Amino acid sequence: MPAPDLNIPRFYTGFSAPVTALDCGRMCAPHNPHGIPFCCDICHAVPAVYHQEWEYLRLHTDLWHPWRGDECAEEPVNPSILAEDTPEHMRLLACKGPAHCQREYRSSSCRQFPFFPYITANDRFIGMTYHWDFEPTCWVISNLGAVTADFRREFFATYDALFNTWLEEYESYAWLSEDMRAAFGSLHRRIPILHRNGSDYLLSPATERMERVPASQFRRFGPYRLSSC
Ligand code: SF4
Ligand code: SF4
């Protein structure tokens, strides 16, 4: 199915709330040897954008360029390796880095990070969960109770609108949710969910039964184990 016409300025305006009230980059950057937020460090995260997004960004800003694979000097990557894992409706970019960030031209992946829509095995978009690879590095993942109501509202409004017209995008998150159930199932862990009803839950990956638990009581990781928000 072809991508629907995305109105990128409207998409960006409707999805601009900060994830937390404080600048979470200040909480994680001190733990990154590169001294910058992990999600803005090309050695840790390569942003993926919709093709229409790239068309918009390249006309309006010089902040971004197509990812080449050599941007992380310590660990150059053959671009074909990561590109293979990138959905066909997206492409990989690299930005000039946080010193040059332009908030209005942040990509969709900057805006959603560290979250993605969680789709149940029986096909319901019930909430948001996170990219679990970043548990040891992202401060937000260890402080899910700090996620603002505004961010949650904009996240659900954005993805409800997108999924209404774009099955391919919905399916890519359904597969990612399935991967997360498999990963957490093998670890005997439950999946943290910030539910669209405003409450927080731990979800069993095998049965998808949910227990209501305040996000402030969710597990913390890495250097954030002992801190609180
Ligand atoms: S979202 Fe996570 S990785 Fe990105 S700046 Fe905030 S705490 Fe750091
Ligand atoms: S555009 Fe800004 S928020 Fe996005 S990765 Fe670059 S520095 Fe980070």
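Two strands count as paired if DSSP finds at least two bridges between them. Keep that in mind as you work through these exercises on a predicted model.

**Exercise 1. Find how many bridges join strand β5 to β6, and decide whether they pair.**

Step 1: Look at β5 (residues 125–130) and β6; two bridges join them, and the strands run antiparallel.
Step 2: Pairing needs at least two bridges, so β5 and β6 pair.

**Exercise 2. Explain why β6 is largely enclosed.**

Step 1: Check residues 191–195; four of the five are buried.
Step 2: The rest of the structure therefore largely encloses β6.

**Exercise 3. Work out which residues of helix α6 are buried and which are exposed.**

Step 1: List the buried ones, which include F151, F155 and Y159.
Step 2: These three cover an arc of only 45° around the axis, so they sit on the same side of α6.
Step 3: Recall that an α-helix has 3.6 residues a turn, so residues three or four places apart point the same way.
Step 4: Turn to the other side of α6, where A149, A157, D160 and N164 are exposed.
Step 5: Look for the cover over the buried residues of α6; it includes α5 (108–112), β4 (115–119) and β5.

Methods
Residues are numbered from 1 along each chain as its sequence is written. Chains are lettered from A and ligands numbered from 1 in the order in which they are written. This is a predicted model: local features need pLDDT of at least 70, side-chain atom pairs count only at pLDDT 80 or more; totals for chains, interfaces and linings use all residues. A residue is buried if 20 or more other C-beta atoms lie within 10 Å of its own, exposed if 12 or fewer, and partly exposed in between; C-beta atoms are placed from the backbone. The arc is that of the directions from the helix axis to the C-beta atoms. Two residues are in contact if their C-beta atoms, placed from the backbone, lie within 7 Å.
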